[in-house]
Amino acid sequence: MSKPVLVSGIQPTGRLHIGNYLGALKNFVALQNSGKYDCYFFIADYHSLTENFDPQQKQEQILNLAADYLAAGLDPKKSKIFVQSAVPESVELAKILETVTPFGELQRMTQFKDKASTQKENINVGLFTYPVLMAADILLYDAKFVPVGEDQLQHLELARTLARKFNTRFGETFPEPQAVMTKTARVMSLDDPSKKMSKSRPGGCLFIDDAPEIIESKVRTAVTDSGNEIKYDPKNKPGISNMLGMMSAVSGKSIEELADGFSGMNYGELKHSLSDYLIEYFAPFRKKKLALIKKPVSLKSALRAGASKAKKSAEKKMAEVKKKIGL
Ligand code: AMP
Ligand code: TRP
């Protein structure tokens, strides 16, 4: 029996923050190491073109994300790790899936609405059809599982809808993918815990390759809540709850256990402890990343090898899809 396919990707748009890590990348590594899945992890460079970008920096951003993947523990021997545009079949499939995508479904997408409001001067059609390409990335490999943060659930729901619509119209072709989420599927911003941490607002981000002194100062100055009691209550204490969530994810201790341990202590003590945990947790990652980034040639060759494996499945699937629709 072949293993179920698991697919995910991250856009090469800047440094990874702890939301990307705890919501997605950490889970990629655990799922890969479980040995239960046939894993595909890619660098979503086509998707990243929908935001404002500098072509001079794109290759560097791609290699930087490849170094993040490997430093975090993704292993080219265990997973197919590649750049999305090295397997352009996803774009071909997206073109076909567009024809079963209701316009209204795309108009409802909250990420489109958010991005359209933050990049008013660049509301491009690629931003609008972004979720269809994401569905193609998933369906192209017959994925059953897709590890993502909470903000991607609406897009995943569209992928399920498109699989169903295609299957109904042209015969059983795609399995319906399902999301795999972590406990920390939504990490909030350090400077405003009512908003999610996002690369588009770097001021509130803790980057996973931040130097120890930067981590310390960002955590020390993070916005907390009124009152002085330490307890887990995301509604009334979003700042403190966000910190307890991050601490739980990097310490392996439960939120309840941590909240009990900190009862009676003040916010300063919680912050101090959180920055210690974070610095210790990310130290090996930083070291590995620094070493990997110095070897662009070997990063590129790992990505090429991953792409050639992914391409085999992609070509096979596209032949099946084209046959079904009469092309
Ligand atoms: P992106 O940088 O938009 O390509 O996102 C990469 C992954 O990180 C996706 O699976 C997102 O769902 C996840 N992610 C992004 N921001 C957060 C956040 N603040 N909390 C949890 N997960 C997140
Ligand atoms: N849209 C995803 C994000 O912003 C990245 C992505 C593109 C993706 N294609 C995908 C994630 C396919 C999972 C599966 O995070």
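Helix H10 covers residues 238-251, 14 residues in total. From its first C-alpha to its last it reaches 20 Å, close to the 20 Å expected at 1.5 Å a residue. The model described here is predicted.

H10 is largely enclosed by the rest of the structure, because 12 of its 14 residues are buried. Buried here means under 20% relative accessible area. The buried residues include Gly239, Ile240, Ser241 and Asn242. Just after H10, Gly252 takes a positive phi of about 80°.

H1 spans residues 18-34 and supplies 4 residues to the shell around ligand 1, the largest share. In total, 18 residues surround the ligand. The closest are Gly149, Asp151, Val187, Met197 and Lys199. By class, the shell holds 6 nonpolar, 8 polar and 4 charged residues.

Polar atoms of the protein approach ligand 1 at several points. In the side chain of Asp151, an N or O atom is 2.3 Å from an oxygen atom of the ligand. A polar side-chain atom of Asn20 lies 3.1 Å from a ligand oxygen atom. At Met197 the backbone is involved: one of its polar atoms is 2.9 Å from a nitrogen atom of ligand 1. Taken alone, ligand 1 exposes 490 Å², and the protein buries 92% of that.

How values were computed. Residues are numbered from 1 along each chain as its sequence is written. Chains are lettered from A and ligands numbered from 1 in the order in which they are written. This is a predicted model: local features need pLDDT of at least 70, side-chain atom pairs count only at pLDDT 80 or more; totals for chains, interfaces and linings use all residues. Side-chain values use heavy atoms; hydrogens and water are left out. A residue is near a molecule or strand if one of its heavy atoms lies within 4 Å of it. A polar contact is a pair of N or O atoms within 3.5 Å; within protein, one must be able to donate a hydrogen and the other to accept it, and residues adjacent in sequence count only if both atoms are side-chain atoms. Accessible areas come from the Shrake-Rupley method with a 1.4 Å probe; for residues, only the protein chains shown count as cover. Helices (H or I, at least four residues) and strands (E, at least two) are DSSP runs, numbered from the N terminus. Ala, Val, Leu, Ile, Met, Phe, Trp, Tyr, Cys and Pro count as nonpolar, Asp, Glu, Lys and Arg as charged, and the others, Gly among them, as polar. The expected span of a helix is 1.5 Å times one less than its number of residues. Buried means under 20% relative accessible area, exposed over 50%, partly exposed in between (1.4 Å probe, protein chains only).
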